[in-house]
Amino acid sequence: MAWSSAGRGHGARRVLAVAVSCALTWGAAGYAGASASGGGFASPSLAAPAASRSASPTPTPAPPLPPTPTPTPAPTAREQRDFRGLVDVGGGRKIYTECRGKGSPTVILIAGKGNGVEDWKSVLDPADPIHRAPGDDLPWRTTGVHLSDDSVFSQVSRFTRVCAYDRPGIRTGPGTTTPRPQPHTLDLAVDDLNALLTSLGEPGPYVLVAHSYGGLIATLYARTHPRNVAGLVMVDTVTELIADVISPGALKNWDTTNARTSPQVREGVHIMDAFRRINAAPPMPRVPAIVLSADKPWRLDLLPPAERKGERVAFKDSLAALDQLSKALHAKQHITETHSGHDIYLYSPQVVTDAIRSVVDDVRSAPAGAP
C-alpha cells in the first residue's frame, strides 16, 4: 500500500487519481493517465504497479513472470536455491513468492498497497526526466519503469538471501496468490506473512524491508513475532503515528479511500482498524533500523477537483510521522535526502539497497544471543 496514491497493480501502473481518492497519502491506486501513485499510502491515490510502466516511448516488453500453475515445493534452508512459484501456506491458500541469493539474515521485501514482487524487481529509468521534476510525478505516468538487474531485489540477492511475495489481489489468473475478499484487515496480512515464512522454511530472524502500507504489516508482525525480526528498513512507510499528526477528519477520509477497490487496484485496506490493532499489540522489539522518506512532494494539484475536497493527509504530515517513527524505533538513520518520490525503491534503488546492507551488516556483527 503505498499510501493512497493511485494504485499500481502488479502488472501495470494505474492512475493516481483513483489512488488518491483511495488512499491519499498512502494508498496508491492509480489509474492510467489520471492519477496513480503506488502502493500503499503515499500520495493522494493508488498508484499502478511499477512493472506496468515502460522505460521509454518505445519500450522493450519486460519478460513476463511465468507463474507456476501449481504449488512448487519451496527450497529448504540448507538448499537456498533460487525459487519462483506458489507456496502452499495451508487452509487451501497459496502465495506467489520469489527468493534469490544465499546467506543470512534473509531479507523479506513487503510491498505497498496494490504492489508485489515485480515492483521490487523494477527501477525508474535513470535517464527519465521525471528524476529532475520537483514533485513526485511518477504516479501520473504509465512509462519509465522496467525490470532491471539494478533493482533492490537483484542487488540484495548479491549479498544475502532475499524473498518477495504477492499479497491477495496483486495479480490474478493461474499461478497467482489465492484471492480473499477486499478490503481486508491488517491481521490477515500479518497471518499470511507468518504462514508464508513458516512454509518457506527460511531461517529467521529476518530483516523486514517495507514500503508504504507494507510498513503497517512489518510493524504488527514485529510486535507479535519479535523473535523473528532482526532488523527493519522502513521505506516511506505508513505508520500508526500519523494519527498523532493529522486531524480526525483527515484520518477518516484516508481510511475510506484506502478501503476502496477498483479493477485496477483490487487490494483494499482498513487503515483505522490497522492502527487500533498495532496500538493494542506488544511493544516493538529493539533492533537495528533505518527509516527513509521521500523528498519529492505529492502532486495533489493534478488530482480532479472532486478529489481535493475535504480534509486530506498532506506530504508534510507524512514527513512528520516518519520523523516520529524514526525516533520510536531508535533508528540508526533517518534518510531524508533520497531524491525520490514515494516509490524510493524505483527512483533511488541504490539508496534503499545501501540501507538494507547497513542493517544486514549490523545483524551479522551482533554478538551471538544478543536481543
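Author: A charge sits over a ring if CZ of Arg is within 6 Å of the ring centre and within 35 degrees of the ring normal. Keep that in mind for this predicted model.

Reader: What makes Arg-357 a case of a charge over the face of Phe-159?

Author: Arg-357 lies 4.1 Å from the ring centre of Phe-159, over its face. The limit is 6 Å, so the distance passes. Arg-171 is placed over the face of Tyr-96, at 4.5 Å from the ring centre. That value also falls within 6 Å, so it passes too.

Reader: How many aromatic pairs does the whole structure hold?

Author: The search finds 3. One of them joins Trp-120 and Tyr-345.

Reader: Why is the pair of Trp-120 and Tyr-345 called tilted?

Author: The angle between the planes is 35°. Stacked needs under 30 degrees and edge-to-face needs over 60, so 35° counts as tilted. The centres are 4.9 Å apart, and the limit for a pair is 6.5 Å.

Reader: What does the pair of Trp-120 and Tyr-345 tie together?

Author: Trp-120 belongs to helix α2 (residues 117-120) and Tyr-345 to helix α9 (residues 344-347), so the pair links parts 225 residues apart in sequence. Both Trp-120 and Tyr-345 are buried.

Reader: What makes the pair of Trp-298 and Phe-315 edge-to-face?

Author: Their planes stand at 75°. The cut-off is over 60 degrees, so the pair is edge-to-face. Centre to centre, the rings are 5.7 Å apart. Trp-298 sits in the loop between β9 (289-292) and α8 (315-328), and Phe-315 in helix α8, so this pair ties together parts 17 residues apart in sequence.

Reader: Are Trp-298 and Phe-315 buried or exposed?

Author: Buried means under 20% relative accessible area. Trp-298 has 7% relative accessibility, so it counts as buried. Phe-315 has 16%, so it is buried as well.

Reader: How do you know that Gly-169 is buried?

Author: Gly-169 has 14% relative accessibility, and this is under 20%, so it counts as buried. Gly-169 occupies the loop between β6 (162-165) and α4. Its C-alpha atom is 7.4 Å from that of Arg-180, 11 residues apart along the chain.

Reader: Why is Ala-222 called buried?

Author: Its relative accessibility is 0%, so Ala-222 counts as buried. Ala-222 is part of helix α5 (residues 214-224). Beyond its neighbours within four places in sequence, Ala-222 contacts Val-229, Met-284 and Pro-285. The C-alpha atoms of Ala-222 and Pro-285 are 6.9 Å apart, though 63 residues separate them along the chain.

Reader: Which residues touch the most other members of the largest nonpolar core?

Author: That core has 54 residues. Ile-108, Ile-110, Leu-186, Leu-208, Leu-216, Ile-217 and Trp-254 touch the most other members. Helix α4 (residues 186-200) gives the most to this core, with 7 residues. Apart from it lies another core, of 35 residues, including Leu-86, Trp-120, Val-152 and Ala-355.

Reader: What about helix α6?

Author: The 12 residues of α6 (residues 248-259) should span 16 Å, and the end C-alpha atoms are 17 Å apart, which agrees. Among its buried residues are Leu-251, Asn-253 and Trp-254.

Reader: What makes the bond from Ser-104 to Pro-105 cis?

Author: Its omega is near 0°. Pro-105 lies in the loop between β2 (93-100) and β3 (107-110). Gly-204 and Pro-205 are also joined by a cis peptide bond, with omega about 0°. Pro-205 is in the loop between α4 and β7 (206-211).

Reader: Why is His-330 called partly exposed?

Author: Its relative accessibility is 47%, between the cut-offs of 20% and 50%, so His-330 counts as partly exposed. His-330 lies in the loop between α8 and β10 (333-335), and its phi is near 55°.

Reader: Why is His-339 called exposed?

Author: Its relative accessible area is 56%, over 50%, so His-339 is exposed. His-339 sits in the loop between β10 and α9. Its phi is positive, about 50°, although it is not a glycine. Most residues other than glycine have a negative phi.

Notes
Residues are numbered from 1 along each chain as its sequence is written. This is a predicted model: local features need pLDDT of at least 70, side-chain atom pairs count only at pLDDT 80 or more; totals for chains, interfaces and linings use all residues. Side-chain values use heavy atoms; hydrogens and water are left out. A nonpolar core is a set of buried Ala, Val, Leu, Ile, Met, Phe, Trp, Tyr and Cys residues joined through side-chain atoms within 4.5 Å. Buried means under 20% relative accessible area, exposed over 50%, partly exposed in between (1.4 Å probe, protein chains only). Helices (H or I, at least four residues) and strands (E, at least two) are DSSP runs, numbered from the N terminus. The expected span of a helix is 1.5 Å times one less than its number of residues. Rings of Phe, Tyr and Trp (its six-membered ring) pair if their centres lie within 6.5 Å; planes under 30 degrees apart count as stacked, over 60 as edge-to-face and the rest as tilted. Contact means heavy atoms within 4.5 Å.
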